[in-house]
Amino acid sequence: MDGTAGMDGTAGTSSPADAGRTDGMASAAAGGRDRASTVVPPDDQDRASTVVPPDDQDRLTDAEDDTEPLPAVPSATAEPPRDRQGADADASERERERARSLLVPVADSEPRERHEDPDVAPVLPGRTAARRPEVRTVGPQFDAEGGVPCPWCSTPNRPERHFCARCAMSMTPGEDAPQRLPWWRRMFADRTAEPAWAGERPRLRRGFGRVWNWVVGAVVISLVVALVMNLGTMIQATRDHFAKRAPVGPSAVKASRSYTGHGAGLAFDKLNNTWWGPGIDQAAEGEWLEVTFDQPTRLLDLVITPGTSPRADQLSESALPRRIDARITLADGEKITRTLTLDQSAGGQRRTFRVGEVTTVRFVLRSAYDAGPEKQVAIAEIEFFGPSHNNS
């Protein structure tokens, strides 16, 4: 009982130390009741709710003996007056409205579209890379119509330009500027020489183009060789074409055989109402007439009158020569054969001969028109024409 009375501090005997401790505990209890009425923050409430060991409680009691009690404040759990509570609520509502008015709506983030040709290409971190320049082709200049043509590529340019918009060459080349070579010099140009200027560079050809160059070159060389070899013949043919014709007579005439009263001389007597016949019916194939010139003579044309007369009503009286071989002997002994094909008509028929340095001509019958057992081939006249000696 004594112990119990000593602990309550209201009865029983105790030592001075116990009395002092009892008073301290009473003061601490009174101070605790005062502090209980003070608003304590949540963190402090947690610390206040922490259990204090007995030894620390004794030290805390001894330290608080000399501390004056704090003034009493309303408890945090106590309800404030009704009018003040409404004012605080209105203030809080106004603050929330003001905060909501300051909010800016933000749209949801969308994935960025990937461009096929971005302005800035991706590069490695910490490494810069310059953007490659784009090669642009030279487009037409619509405002350069009727302008000054470039002396190198003939592209029209505006009058105020000093350099061509296509080949970038100077629009006013100096006297020492290279001139465009003619086509024949470009064809046979040296490939190891200095490269050509812009506008003079030949088009590159590969494959069939190279073969075509060789073919064209071979044809050109062949034409040049043929021209050189036949240059004299071409000149003579040109002179014969424009030469004035003059009749040429043979010095001697003979035949393989002749009909009675119609010898070989009658075919060269300048009369067309006399004729020569071999005296054999049918075509008389193989029979011939031969003339000889006393000196080499150039013959250009030949006129043969078939039949017994140039009259059309007398064509049926004899067979008409159709094909005749002219065997020509030149002054150097060379022999040439020309085949003459005549028409079945009356009158003289001109044929081109053009043979130079002729000494002998033999006409051999090969076929005839309207040949029969009662008819023989007849030739009224054979005339030779050569170049005239009149220079005028």
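A polar contact is a pair of N or O atoms within 3.5 Å; within protein, one atom must be able to donate a hydrogen and the other to accept it. In the predicted model described here, the side chain of Q349 reaches the backbone nitrogen of D343 at 2.7 Å. The side chain of Q349 also makes a polar contact with the side chain of R351, at 3.2 Å. Q349 lies in strand β8, which covers residues 349-369. With a relative accessible area of 6%, Q349 is buried, because a residue under 20% counts as such. Leaving aside residues up to four places away in sequence, Q349 touches L302, V303, I304, P306, L342 and D343.

The overall composition of the model is as follows. The secondary structure of the protein comes to eight helices and nine strands. Of its 392 residues, 22% count as buried. Among contacts with a separation of 6 or more, 66% are between residues 24 or more positions apart. The protein exposes about 29,500 Å², and carbon and sulfur atoms supply 54% of this area.

One segment carries an annotation from a sequence record. The unreviewed UniProt entry gives a "transmembrane region" over residues 211-235. In the model, the chain over residues 211-235 is 96% helix and 0% strand.

The largest nonpolar core has 30 residues, and F363, I382 and F384 have the most contacts inside it. Strands β5, β6 (320-330), β8 and β9 (379-387) each supply at least two residues of this core. Strand β8 gives the most to the core, with seven residues. A second, separate core has six residues, including C164, C167, M169 and M171. In soluble globular proteins, nonpolar side chains tend to be buried together. I382 touches A267, F268, L289, L302, V303, I304 and F363, with residues up to four places away in sequence not counted. L302, V303 and I304 are likewise among the residues touched by Q349.

T359 is found in strand β8. T359 and T292 are 67 residues apart in sequence, while their C-alpha atoms are 5.9 Å apart in space. The side chain of T359 reaches the backbone oxygen of T329 at 2.9 Å. Beyond residues up to four places away in sequence, T359 touches V291, T292, F293, P296, T329, L330 and A331.

D301 lies in strand β5, which covers residues 288-306. At 7% relative accessibility, D301 counts as buried. The side chain of D301 makes a polar contact with the side chain of R350, at 3.4 Å. R350 is also listed among the residues that D301 touches, together with R245, R351, T352, F353, E383, F384 and F385, when residues up to four places away in sequence are not counted. One of these, F384, is among the residues with the most contacts inside the largest nonpolar core.

The structure holds 15 salt bridges. One of them joins the side chains of R351 and D343, with an N to O distance of 3.7 Å. R351 counts as partly exposed at 21% relative accessibility, and D343 is partly exposed with a relative accessible area of 44%.

R323 counts as partly exposed at 34% relative accessibility, whereas D325 is buried, with a relative accessible area of 10%.

The side chains of R100 and E93 meet in a salt bridge at 3.8 Å, N to O. R100 is partly exposed, with a relative accessible area of 43%. E93 is partly exposed as well, with a relative accessible area of 34%. This pair belongs to a network of salt bridges that links E93, R96, E97 and R100.

Technical notes:
Residues are numbered from 1 along each chain as its sequence is written. This is a predicted model: local features need pLDDT of at least 70, side-chain atom pairs count only at pLDDT 80 or more; totals for chains, interfaces and linings use all residues. Side-chain values use heavy atoms; hydrogens and water are left out. A salt bridge is a side-chain nitrogen of Lys or Arg within 4 Å of a carboxyl oxygen of Asp or Glu. Buried means under 20% relative accessible area, exposed over 50%, partly exposed in between (1.4 Å probe, protein chains only). Helices (H or I, at least four residues) and strands (E, at least two) are DSSP runs, numbered from the N terminus. Contact means heavy atoms within 4.5 Å. UniProt positions are given in the numbering used here, feature names are shortened, and annotations may be inferred rather than shown by experiment. A nonpolar core is a set of buried Ala, Val, Leu, Ile, Met, Phe, Trp, Tyr and Cys residues joined through side-chain atoms within 4.5 Å. Accessible areas come from the Shrake-Rupley method with a 1.4 Å probe; for residues, only the protein chains shown count as cover.
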